[in-house]
Structure formats: C-alpha cells, structure tokens
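I open the notebook on this model. I go from salt bridges to the sheet, then to the core and the loops.

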Amino acid sequence: MKKTYKIEVDCANCANKMEEAAKRTPGVKNATVNFMTLKMIVEFEEGNEPKSVMEEVRKNCKIIEDDCEIFL
C-alpha cells in the first residue's frame, strides 16, 4: 500500500535526509520525498498499519532534522 503525506522541510538536503530516515524505518518498503512538491510517498510492507509506522517515521525524521514536519 502506498500513501502520500504533506511535509514541511526547509532544504533539498534535509528532504534527502528525511527520505533516508523513512526508508530505514521498520514497516516501510520504500519512501520518496519530493522537495519541490513538499510530499512524501511511503510504500508500506504488507501487514503493517500505516498510522503506527508513520509515527515511527516521524520520530526518525525528527532525530535527523528536528524542524521538519510530516502531516499525518
């Protein structure tokens, strides 16, 4: 399952860091962050609840970039 989330991030480098953090989160099959459209597309591994996985994605992104935001 794929879902798209609106994000808030200040620079393209920060967006790349968010993408890498999301990809390393358990339950995420793949993630793409588009700085120009301020969107994150997340593909979830089968059997995972998107809401709980996205809470972990948010935590991991905040560790990398504390001023970023993902709107769930």
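**Entry 1: salt bridges.** I looked up the charged pairs and found Arg-58, Lys-62 and Glu-69 linked in a network of salt bridges. My cut-off for a salt bridge is a side-chain nitrogen of Lys or Arg within 4 Å of a carboxyl oxygen of Asp or Glu. By this rule I count six salt bridges. The model is predicted, so I took local features at pLDDT of at least 70 and side-chain atom pairs at pLDDT 80 or more, while totals for chains, interfaces and linings use all residues. Residues are numbered from 1 along each chain as its sequence is written, and side-chain values use heavy atoms, with hydrogens and water left out.

I then took the pairs one by one. Arg-58 bridges to Glu-69, with the closest N and O atoms 3.4 Å apart. This pair links distant parts of the chain, with Arg-58 in helix α2 and Glu-69 in strand β4, eleven residues apart. Helices (H or I, at least four residues) and strands (E, at least two) are DSSP runs, numbered from the N terminus. For accessibility I use relative accessible area: buried is under 20%, exposed over 50%, partly exposed in between (1.4 Å probe, protein chains only). Arg-58 is partly exposed at 23%. Glu-69 is also partly exposed, at 23%.

Lys-29 and Glu-43 form another salt bridge, with closest N and O atoms 3.8 Å apart. Lys-29 sits in strand β2 and Glu-43 in strand β3, 14 residues apart, and the pair links distant parts of the chain. Lys-29 counts as exposed because its relative accessible area is 58%. Glu-43 has 22%, so it is partly exposed.

Glu-56 and Lys-59 form a salt bridge too, at 3.3 Å between the closest N and O atoms. They are three residues apart in helix α2, so about one helical turn separates them. I noted 36% relative accessibility for Glu-56, which is partly exposed. Lys-59 is partly exposed at 48%.

**Entry 2: the sheet.** What is the strand order of the open sheet? I read it as β2-β3-β1-β4, four strands with antiparallel pairing. Pairing here needs at least two DSSP bridges between two strands. β2 and β4 are the edge strands, each pairing on one side only. Neighbouring strands are turned by 30° against each other on average, direction ignored. Helix α1 packs on this sheet and touches β1, β2, β3 and β4, and its direction makes about 170° with that of β2. Axes are lines fitted to C-alpha atoms, for helices over the stretch in contact, and angles run from 0 to 180 degrees between N-to-C directions.

I checked the bridges of β1. β1 and β3 pair antiparallel over five bridges. Lys-6 stands opposite Lys-39 in β3, and Lys-3 has Val-42 of β3 as its bridge partner. Three bridges join β1 to β4 (residues 69-71), also antiparallel. Glu-8 is partnered there by Glu-69 of β4.

**Entry 3: the core.** A nonpolar core is a set of buried Ala, Val, Leu, Ile, Met, Phe, Trp, Tyr and Cys residues joined through side-chain atoms within 4.5 Å. The largest one has 20 residues, and Met-18, Met-40, Met-54, Val-57, Cys-61 and Ile-70 have the most contacts inside it. β1 (2-8), α1 (12-23), β2 (28-34), β3 (39-44) and α2 (50-64) each supply at least two of its residues. α1 gives the most, with five.

I followed Cys-61 next. Leaving aside neighbours within four places in sequence, Cys-61 is in contact (heavy atoms within 4.5 Å) with Met-18, Ala-21, Met-40, Cys-68 and Ile-70.

**Entry 4: two loops.** Is Thr-25 buried or exposed? Thr-25 lies in the loop between α1 and β2, and its 3% relative accessibility makes it buried. Not counting residues up to four places away in sequence, Thr-25 touches Val-53, Glu-56, Val-57 and Asn-60.

Leu-38 is in the loop between β2 and β3. Leu-38 has a positive phi of about 55° although it is not a glycine. Most residues other than glycine have a negative phi. Leu-38 is partly exposed at 30%.

**Entry 5: the record.** The unreviewed UniProt entry annotates residues 1-65 as "domain: HMA". Such annotations may be inferred rather than shown by experiment. Over residues 1-65 I get 42% helix and 31% strand, with the end C-alpha atoms 26 Å apart.
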